[in-house]
Amino acid sequence: MKKATKKPAKRPAAKKKPFKRPVFHHALLKTARMDEMIKWYADVVGTQPNFYAPGIAFLSNDGANHRLSLVGNPLFRDNPEFRKYAGLHHLAFEYTTVNDLLDTWQRLHDEFGYEPHVAVHHGMTLSFYYVDPDGNSVELQADAFGDWKKSTKWMRESAEFKADPIGKFVVPAKMVAARAAGVKTKELLRRAYAGEYAPSAPYDYRVDLPA
Ligand SMILES: [Fe+2]
């Protein structure tokens, strides 16, 4: 007698749950120069400690309880070989306008003598990269379109970005001088991307491939 085979009960198709995307919140840096780092980030991007105890600090420059954590111990060693190692290259902070970024370049130049190790018009952003006391790069940027949607579309679709995803080096002082002479932001960025404010020698990206 043929054994009746029991059909497995049909399970309802699993409903795909909506993907929940978190928002990037903070980074943690280990340092042997706690006080110097706290001061540098305060001077450059206006962070203040919301908590500070020996060996640990939580800094923020907006409504988040912290945007940067610092774990400090004098035993942490510098890494002179960082250029050749995989890992984090820079943190980035964004200004609302190109004018704010240029004003900040002027302030850092005048008050501290800080200069970017590389300054680039990437096409979608104007970006000046500084070095913190531990040797981490910190990018200060402004959206070149003043609009994330527009700059994203340009990045995804433009032939210019496909041909050159890095962009053109610029000298911030030349841009500030052009602005003072009356060049408006849109034209300033056009000229920068056309290479009109290029440095005489190439900048240092602080990235090397091991030999
Ligand atoms: Fe970046």
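Ile56 has Val71 of β4 as its bridge partner. The model is a predicted one. The pairing of β3 with strand β4, residues 68-72, is antiparallel and consists of four bridges. On β2, spanning residues 48-53, β3 also pairs in the antiparallel sense, here over five bridges. One of the pairs there is Phe51 with Phe58, the latter in β3. Two residues lie between the strands in the β2 and β3 hairpin, and Gly55 in this hairpin has a positive phi near 90°.

Side chains alternate along β3, which covers residues 56-60.

## The five-stranded sheet

A further open sheet has five strands in the order β5-β8-β7-β6-β9, and its pairing is mixed. The edge strands are β5 (90-95) and β9 (168-169), each of which pairs on one side only.

Strand β6, residues 118-121, runs antiparallel to β9 and is joined to β9 by two bridges. His121 has Lys168 in β9 as its bridge partner. Helix α6 (residues 185-193) packs on the sheet, where α6 touches β6, β7 (125-131) and β9. The direction of α6 makes about 110° with that of β6.

## Packing of α2, α5 and α6

Helix α5 takes part in two helix contacts, one with α2 and one with α6. Helices α2 (residues 98-112) and α5 (residues 172-180) pack at an angle of about 115°, and their axes are 10 Å apart. Their crossing is left-handed. From α2 the contact involves Leu102, Trp105 and Gln106, and from α5 it involves Pro172, Met175, Val176 and Arg179. By class, this contact of α2 with α5 has five nonpolar residues, one polar and one charged.

For α5 and α6 the packing angle is about 145°, with the axes 10 Å apart. This crossing is right-handed. Met175, Ala178 and Arg179 of α5 meet Leu188, Arg191 and Ala192 of α6. The contact of α5 with α6 has four nonpolar residues, two charged and no polar ones. Met175 and Arg179 belong to the α5 side of the contact with α2 and also to the α5 side of the contact with α6.

## Two single residues

Glu111 is part of helix α2. Is Glu111 buried or exposed? Glu111 is exposed, because 9 other C-beta atoms lie within 10 Å and the exposed class takes in counts of 12 or fewer. The C-alpha atom of Glu111 is separated by 29 Å from that of His25, and 86 residues along the chain lie between the two positions as their sequence separation.

Arg206 lies in the segment after α6. Its phi is near 65°, a positive value in a residue other than glycine. Most residues other than glycine have a negative phi. With 16 other C-beta atoms within 10 Å, Arg206 is partly exposed.

## Overall shape

The protein chain has six helices and nine strands. Its radius of gyration is 23 Å, well over the 17 Å that the globule rule gives for 211 residues, so the chain is more spread out than a compact globule. The C-alpha trace spans about 95 × 50 × 45 Å along its principal axes.

Of the 211 residues, 20% count as buried. Among contacts with a separation of 6 or more, 59% are between residues 24 or more positions apart.

Methods: Residues are numbered from 1 along each chain as its sequence is written. This is a predicted model: local features need pLDDT of at least 70, side-chain atom pairs count only at pLDDT 80 or more; totals for chains, interfaces and linings use all residues. Axes are lines fitted to C-alpha atoms, for helices over the stretch in contact, and angles run from 0 to 180 degrees between N-to-C directions. A crossing is left-handed if the near helix is turned anticlockwise from the far one by less than a right angle, and right-handed if clockwise. Two residues are in contact if their C-beta atoms, placed from the backbone, lie within 7 Å. Ala, Val, Leu, Ile, Met, Phe, Trp, Tyr, Cys and Pro count as nonpolar, Asp, Glu, Lys and Arg as charged, and the others, Gly among them, as polar. Two strands pair if DSSP finds at least two bridges between them. The radius of gyration is taken over C-alpha atoms; the globule rule is 2.2 Å times the number of residues to the power 0.38.
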